[in-house]
Amino acid sequence: MRLELTRRTDYAIRALLVLAREGGRQTTPVIAAAMHIPIRFLPQVMGDLTRAGLVRSTAGRQGGYELIPSAVDIDLLSIIEAVEGDTRRRTCILRGGPCKRDGVCDAHEPFGAAQEAFRATLAAASLASLMGAPPGIDSGS
């Protein structure tokens, strides 16, 4: 079983860390430079976060992005789902199709419980709790 963030989610978390650490409004070039995020890709990620209500976007010369809720009130699950959509598995672990198509598979219960525990762990971890990590974290991108 592999548990990895997509590059897009990695960028979203790092961009939000910049906003949380620096406070106030930050521009795309500042965010990109602080976290080594490709500047051409960042507006797409920030658009996802804006649509999810995690950041406010202000256009124009004095524009940029700022957190709407505080870093304490933003959880990792919300960030991941802002970028990736609903994270719940929709296919059967064993069969590859909908699990209830012809009955629940033998692995349904333990994998369902593991998925819910994983989601609960992400929901319990706030952006603020990540701020102990050093700036410019490198996840291999």
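Which residues in α2 meet which residues in α3? In this predicted model, T28, I31 and A32 in α2 meet L42, P43 and M46 in α3, where contact means heavy atoms within 4.5 Å.

Residues are numbered from 1 along each chain as its sequence is written, and side-chain values use heavy atoms, with hydrogens and water left out. Because this is a predicted model, local features need pLDDT of at least 70 and side-chain atom pairs count only at pLDDT 80 or more, while totals for chains, interfaces and linings use all residues.

## The chain as a whole

The protein chain has six helices and two strands, and along the sequence these follow the pattern α-α-α-β-β-α-α-α. Helices (H or I, at least four residues) and strands (E, at least two) are DSSP runs, numbered from the N terminus. Of the 141 residues in the protein chain, 35% are buried; buried means under 20% relative accessible area, exposed over 50%, and partly exposed in between, with a 1.4 Å probe and protein chains only. The accessible surface of the protein chain comes to about 8300 Å², and 53% of that surface belongs to carbon and sulfur atoms; such areas come from the Shrake-Rupley method with a 1.4 Å probe, and for residues only the protein chains shown count as cover. Among contacts between residues at least 6 apart in sequence, 63% join residues at least 24 apart.

In soluble globular proteins, nonpolar side chains tend to be buried together. A nonpolar core is a set of buried Ala, Val, Leu, Ile, Met, Phe, Trp, Tyr and Cys residues joined through side-chain atoms within 4.5 Å. The largest nonpolar core here has 32 residues, and those with the most contacts inside it are L16, M46, L49, L67, I79 and L127. The elements that give two or more residues to this core are α1, α2, α3, β2 and α4, and the largest share, nine residues, comes from α1.

In α3, the buried residues are L42, V45, M46, G47, D48 and L49, and the buried residues of this helix pack against α1, α2, β1, β2 and α4. Leaving aside neighbours within four places in sequence, M46 is in contact with A15, L19, I31, V55 and Y65. D48, which is also found in helix α3, counts as buried at 10% relative accessibility, and, with neighbours within four places again left aside, D48 is in contact with R8, A82 and V83. Just after α3, G53 takes a positive phi of about 80°.

## Helix α4 and two helix pairs

Helix α4 spans residues 76-84, and its buried residues are L76, L77, I79, I80, A82 and V83. These buried residues pack against α1, α3, α5 and α6. At the start of α4, a side-chain oxygen of D75 reaches to within 3.1 Å of the backbone nitrogen of L77, and just after α4, G85 takes a positive phi of about 85°.

Two packed helices are described by the angle between their axes and the distance between the axes. Axes are lines fitted to C-alpha atoms, for helices over the stretch in contact, and angles run from 0 to 180 degrees between N-to-C directions.

| Helix pair | Angle | Distance between axes |
|---|---|---|
| α2 and α3 | roughly 105° | within 11 Å |
| α4 and α5 | about 105° | 5 Å |

Where α4 and α5 come together, L76, L77, I80 and E81 in α4 meet R119, L122 and A123 in α5.

D73 lies in the loop between β2 and α4 and is exposed, with a relative accessible area of 56%. The C-alpha atoms of D73 and S126 are separated by 6.6 Å, although these residues are 53 residues apart along the chain. H36, found in the loop between α2 and α3, counts as exposed at 59% relative accessibility, and its phi is near 55°, a positive value in a residue other than glycine.

A128 has its place in helix α6 and counts as partly exposed at 27% relative accessibility. Leaving aside neighbours within four places in sequence, A128 is in contact with A71 and V72.

Notes: A polar contact is a pair of N or O atoms within 3.5 Å; within protein, one must be able to donate a hydrogen and the other to accept it, and residues adjacent in sequence count only if both atoms are side-chain atoms.
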